[in-house]
Structure formats: structure tokens, C-alpha cells
Amino acid sequence: EMRGSLVKAFGKILKRAALCPKSDGSTNSNIFSIVTLSNKIFFVQRIEIEKDDSPQMFESIEKEIASFEDKKNGVVLFLMSLILSRGVSTVKSDMDTDQDAKLVGEYGHCTQELLNLLLCGMAVSNTHDGNKSLGNMILRGIPCNPPVGYLSHLEYLRYVKIGNY
């Protein structure tokens, strides 16, 4: 039962990243990726998905779920799958700036961009609703209502407001 829930969660996260529109509003691909590792060689499966939750999508993930459960490489393989499902260039263009943009911070913590990629399918740099204009700069925020929301301790203390989604 736990494994089935993990397969469903991974499938929905990868699907969201693959189907979420690009920052410029154009459509992204309907193909998600599963990255596995065998004998120090990476294998990438690219699987076409439909808008509906197709059994093929979940079956593909279920076949490879042991790779994601691996204590040494599982998280990295899942993140590689997530980034390839979204597209490397699309992930970069989701961020406010691609000069110093990172998904993993200085001390190995995930950045806001990675958290947003996991939760809403786009690697946007901010947590406010939609895009905000700041002079000649556009600050990209959460494009739609994600299935899981945020609650920052700073928001609880009313120091910041995350958004209404």
C-alpha cells in the first residue's frame, strides 16, 4: 500500500512537471522521464503521457520504483527524472535568473526553485501568486493552485504573505 502511494505521488509530480506550461505560456512536452542507474550507467526512459492519469504512466514508474527507493541514489535519480521531465532549458527559463540559478543551495539544502518544481511543476523563484513586475524585472511566482500548499513560519507570524492559491 505504501509503495502504491509512492508510485502515485511520483507519477503525479513527474506528470505535473511535464505538462505544466512554460514560463512564456507555451506548452511543454507531454513526455516524462524516468532515470535509473545500473552498473554505473544511467538509463533514461522517455514515456508519452496523456492528460488523464494513464495506467501506463504508473506501471512504468512501478517497474522502476526500486531505483528511487535506493538509499544511495534514489533521491538523485528522482530529481534527475523530474528535471528531464520538465526539460533542462525549461527549468532554467522558469527561474528569475539563470546566471546563478541553482536547485541545491550552498549547504546541500533544496532551493525555493526546487521546492516549487516539486510542488507546482515549475522551478519559479518566488512564492507569490503569478508574476510581479518590479521596474524592468519580472519576478516569477506560483502560476496556479498547487495540490499542496505552503505555510512558512514567517507567514504564521504575519511577517510575509505567501499567496492566496
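**Aromatic cluster and helix packing**

Phe10, Phe68 and Phe78 form one aromatic cluster. The model is a predicted one, in which local features need pLDDT of at least 70 and side-chain atom pairs count only at pLDDT 80 or more, whereas totals for chains, interfaces and linings use all residues. Residues are numbered from 1 along each chain as its sequence is written, and side-chain values use heavy atoms, with hydrogens and water left out. Helices (H or I, at least four residues) and strands (E, at least two) are DSSP runs, numbered from the N terminus.

**Aromatic pairs**

- A pair of aromatic rings is described by the distance of the centres and the angle of the planes.
- Rings of Phe, Tyr and Trp (its six-membered ring) pair if their centres lie within 6.5 Å, and planes under 30 degrees apart count as stacked, over 60 as edge-to-face and the rest as tilted; by this rule the count comes to three aromatic pairs.
- The ring centres of phenylalanine 10 and phenylalanine 68 are 5.4 Å apart and the ring planes stand at 80 degrees, so this pair is edge-to-face.
- That pair links distant parts of the chain, since phenylalanine 10 lies in helix α1 (residues 2-19) and phenylalanine 68 in helix α2 (residues 55-69), 58 residues apart.
- Phenylalanine 68 also pairs with phenylalanine 78, and because the centres are 5.7 Å apart with the planes at 90 degrees, this pair is edge-to-face.
- Here phenylalanine 68 in helix α2 is linked to phenylalanine 78 in helix α3 (residues 74-86), ten residues apart.
- Phenylalanine 10 and phenylalanine 68 are both buried, where buried means under 20% relative accessible area, exposed over 50% and partly exposed in between (1.4 Å probe, protein chains only).
- Phenylalanine 68 has a relative accessibility of 7% and therefore counts as buried, and phenylalanine 78 counts as buried at 7%.

**Packing against helix α5**

- Helix α1 and helix α5 (residues 112-120) pack at an angle of about 105 degrees, with their axes 7 Å apart; axes are lines fitted to C-alpha atoms, for helices over the stretch in contact, and angles run from 0 to 180 degrees between N-to-C directions.
- α1 and α5 are therefore roughly perpendicular to each other, given that angles under 35 degrees count as roughly parallel, over 145 as roughly antiparallel, 65 to 115 as roughly perpendicular and the rest as oblique.
- In this contact (heavy atoms within 4.5 Å), Ile13, Arg16 and Ala17 of α1 meet Leu117, Leu118, Leu119 and Cys120 of α5.
- The residues of the contact of α1 with α5 divide into six nonpolar, no polar and one charged, where Ala, Val, Leu, Ile, Met, Phe, Trp, Tyr, Cys and Pro count as nonpolar, Asp, Glu, Lys and Arg as charged, and the others, Gly among them, as polar.
- The axes of α3 and α5 come within 11 Å and cross at roughly 75 degrees, which means that α3 is roughly perpendicular to α5.
- Phe78, Leu79, Leu82, Ile83 and Arg86 of α3 make this contact with Leu114, Leu117 and Leu118 of α5, and its residues divide into seven nonpolar, no polar and one charged.

**Individual positions**

- Threonine 90, found in helix α4 (residues 88-94), counts as buried at 5% relative accessibility.
- Leaving aside neighbours within four places in sequence, threonine 90 is in contact with Lys22 and Asn28.
- Asparagine 39, in the loop between β1 (31-38) and β2 (41-48), has a positive phi of about 50 degrees although it is not a glycine, and at 73% relative accessibility asparagine 39 counts as exposed.
- Lysine 40, found in the loop between β1 and β2, has a positive phi near 65 degrees and is exposed, with a relative accessible area of 81%.
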